[in-house]
Amino acid sequence: MVCLMALGLIGGIKVCGEEKQAAPKIAGMPLTICCDVDTSAADGVILSQGGDSYGYALYLKSGKPVFSLRTKDALASARANAKEKGELTSITASRTVSGRFSLRATLDRDGTMAVFVNGEKVAEGKAPGLITTQPKDGLVIGQDTHTPVGEYRVPHALNGTVTNVKITIG
């Protein structure tokens, strides 16, 4: 099990057990993402790892937390010369958030996805599976700087703070 911890929006990133790695190795692994958010914004990326082929993102859309996951199917992966976007699966919270709140998102081995706000499950869904290939785009907190994982335009920066980020793999 590997965990990643970040100490704030711009704070240092430390990967437990792998000090020099900037983003966790998530290919083929279930994951749990936890963080604290303080914002009055209705829209913005909380964190993302990956892009429009493989990866995940947590973001706010109209005040509701969204957990998006990009995977590629076998047919798209076999097309060596074509730039194919990965299949997008997103789950959206049933209620809006504002101010200070704790957020947790999970991706289980069977593809089950869930979002929790302050410990309460607010969204659940099913992805086709795990992220099969390590994303090229690294972990970014407070915005998405490359290609978007979810349905937003980059950088889609969050006006607020994200602290106590912990990503657990395995």
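Colleague: Let's start with the pairing of E4 and E5: how many bridges join these two strands?
Modeller: Strand E4 covers residues 44-50 and strand E5 covers residues 55-61, and they run antiparallel. Elements here are DSSP runs, numbered from the N terminus (strands are E, at least two residues; helices are H or I, at least four), and two strands pair if DSSP finds at least two bridges between them. For E4 and E5, the count is 6 bridges.

Colleague: Before we go on, which pLDDT do side-chain atom pairs need in this model?
Modeller: Residues are numbered from 1 along each chain as its sequence is written, and side-chain values use heavy atoms, leaving out hydrogens and water. This is a predicted model: totals for chains, interfaces and linings use all residues, local features need pLDDT of at least 70, and side-chain atom pairs count only at pLDDT 80 or more.

Colleague: OK, back to the strands. Which residue in E5 is the bridge partner of Val-45?
Modeller: Strands of a sheet pair through backbone hydrogen bonds, either parallel or antiparallel. E4 and E5 run antiparallel. Across from Val-45, the partner in E5 is Tyr-59.

Colleague: Which strands stand at the edges of the sheet that holds this pair?
Modeller: The sheet is open, with 5 strands in the order E7-E6-E5-E4-E11 and antiparallel pairing. Each edge strand has a single partner, so one side of each is left without a neighbour in the sheet. Those edge strands are E7 (87-92) and E11 (139-141).

Colleague: And by what angle are neighbouring strands of that sheet turned against each other on average?
Modeller: Axes are lines fitted to C-alpha atoms (for helices, over the stretch in contact), and angles run from 0 to 180 degrees between N-to-C directions. For this sheet, direction is ignored, and the average is 15°.

Colleague: How far apart in space are Tyr-56 and Arg-70?
Modeller: Tyr-56 lies in strand E5, and its relative accessibility of 0% makes it buried (buried is under 20% relative accessible area, exposed over 50%, partly exposed in between, using a 1.4 Å probe and protein chains only). In sequence, Tyr-56 and Arg-70 are 14 residues apart. C-alpha to C-alpha, the distance is 6.2 Å.

Colleague: Which residue in the turn between E8 and E9 has a positive phi?
Modeller: E8 (residues 99-107) runs antiparallel to E9, with 5 bridges joining them; Leu-103 has Val-117 as its bridge partner in E9. The two strands form a hairpin with 4 residues between them. The phi there is about 95°, and the residue is Gly-111.

Colleague: Then which residue takes a positive phi in the hairpin of E9 and E10?
Modeller: E9 and E10 (residues 120-126) pair antiparallel over 6 bridges, and Thr-112 has Lys-126 as its bridge partner in E10. This hairpin has 2 residues between the strands. The phi is near 50°, at Asn-118.

Colleague: How far is the sulfur of Cys-34 from the closest cysteine sulfur?
Modeller: A disulfide is a pair of cysteine sulfur atoms within 2.5 Å, and a search of the whole structure finds 0 of them. Cys-34 is partly exposed at 25% relative accessible area, while Cys-35 is buried at 3%. The closest sulfur to that of Cys-34 is in Cys-35, too far for a bond at 7.7 Å.

Colleague: Which residue forms a salt bridge with Arg-100?
Modeller: A salt bridge is a side-chain nitrogen of Lys or Arg within 4 Å of a carboxyl oxygen of Asp or Glu, and the structure has 4. Arg-100 is exposed at 69% and lies in E8, with its partner in E3 (residues 31-39), so the pair ties together parts 62 residues apart in sequence. The closest N and O atoms are 3.5 Å apart, and the partner is Asp-38.

Colleague: And how far apart are the closest N and O atoms of Glu-124 and Lys-121?
Modeller: Glu-124 is exposed at 53% relative accessibility, whereas Lys-121 is partly exposed at 43%. They form a salt bridge, with those atoms separated by 3.3 Å.
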